[in-house]
Amino acid sequence: MARGNNQKMKLFYLVKIMWEETDDQNYLTMQEIISKLNEYGIEANRKSVYTDIEDLNQFGIEILKERIGRTTCYHAGVREFEVAELKFLVDAIQSSKFITARKTKELIRKLETLTSRHEAKHLARQVFVAGRIKNMDESIYYAIDTVHTALNEGKMLQFRYFHWDISANKEYRHDGKPYKISPWGLCWDDENYYMIGFDDEAGKIKYYRVDKMTDILILDAKRKGYEAFKQQDKSLYTKKRFRMFDGVEQTVTLKCKNRLSNVIVDQFGKDVHMVPVDAEHFTVNVDVAVSNQFYGWVIALGGDAVIEKPKEVKDEMEVLLKNYLEKAL
């Protein structure tokens, strides 16, 4: 682009230079600013740049002037995101298994544009998460977007639902026939996205892993199940389920060693009431959807938590353990 044609872009290039080259620790002198404008084919002098910086500050783009020794320097001021906030977002992206490796790099590159090139280097972090396998399929992004659109429009969704067979091939449920479900929300649990939907045929709220939904279409039909969804306490509903597996909701009394107090709070929240039994144990009543996943969670606590009541839940766990031992030994 010719020098004359670039002149009218002076203010925009000034913002670009200050945004990319400066921050609280990195500065430019007035002469350096002018030189960088010249690299873009823009003629500038001190007086015009002073005026431009004043205009930018009045507009809300903060350019700070500081004295370092005998030199006057300039740098970009407050940004939309602090570097610590960007690092947090980068860590969340890198540790999320549903975001593919390619999309991870793409998102981090975009986050890097929100700070200077100097501070962007600190975003090149590596978060190691045990057992983490990145999703290989980016269709989940479009699936989530379609679900959001249906939620905003109050429409029903049609989709097919699958699981992986022993050959790692898709095996469709419902004999491959499409589900017709009324979406009422999305939640993120155990690092997976779930759609909360009302199954009109079954007459109840169900959860569906979004990454297992394919051929998603928004139907020209109003969603159903408002009353069923309204009656649910969403935070409690998800907290009662282990890895979103459904089951009969019951109040279960657990007897735990004191060291498990953090585990109980992490799983069920701070509102649980832990009652001391002796110097080493407490009991707690928790509302759960009783399922094999719940029993597995109790077993994983290594005997430091036992089910005291109700008797039918305790008996069911005993049968489950006996069946497992018979098959495993």
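The legends below describe close-up views of a predicted model. Local features are given only at pLDDT of at least 70 and side-chain atom pairs only at pLDDT 80 or more, whereas totals for chains, interfaces and linings use all residues. Residues are numbered from 1 along each chain as its sequence is written, and side-chain values use heavy atoms, with hydrogens and water left out.

**View 1**
N6 lies in helix α1, residues 3-6. Helices (H or I, at least four residues) and strands (E, at least two) are DSSP runs, numbered from the N terminus. The relative accessible area of N6 is 5%, so N6 is buried; buried means under 20%, exposed over 50% and partly exposed in between, with a 1.4 Å probe and protein chains only.

**View 1. Strand β3 and its two partners β1 and β2.**
Strand β3 (residues 71-76) pairs antiparallel with strand β1 (residues 28-29) over 2 bridges; two strands pair if DSSP finds at least two bridges between them. Strand β2 (residues 63-68) also pairs antiparallel with β3, over 6 bridges. C73 of β3 is the bridge partner of T29 and of E66. A hairpin is formed by β2 and β3 with 2 residues between them, and G69 in the turn has a positive phi of about 65 degrees.

**View 2. R79 in the loop between β3 and α5.**
R79 is placed in the loop that runs from β3 to α5 (83-95). The residue is buried but has no salt bridge, and E119, the nearest side chain of opposite charge, is 4.7 Å away. A salt bridge is a side-chain nitrogen of Lys or Arg within 4 Å of a carboxyl oxygen of Asp or Glu. The side chain of R79 reaches the backbone oxygen of T22 at 2.6 Å. Beyond neighbours within four places in sequence, R79 is in contact (heavy atoms within 4.5 Å) with M18, W19, T22, D23, L114, T115 and S116.

Definitions and conventions. Lys and Arg count as positive and Asp and Glu as negative; His and the chain ends are not counted. A polar contact is a pair of N or O atoms within 3.5 Å; within protein, one must be able to donate a hydrogen and the other to accept it, and residues adjacent in sequence count only if both atoms are side-chain atoms.
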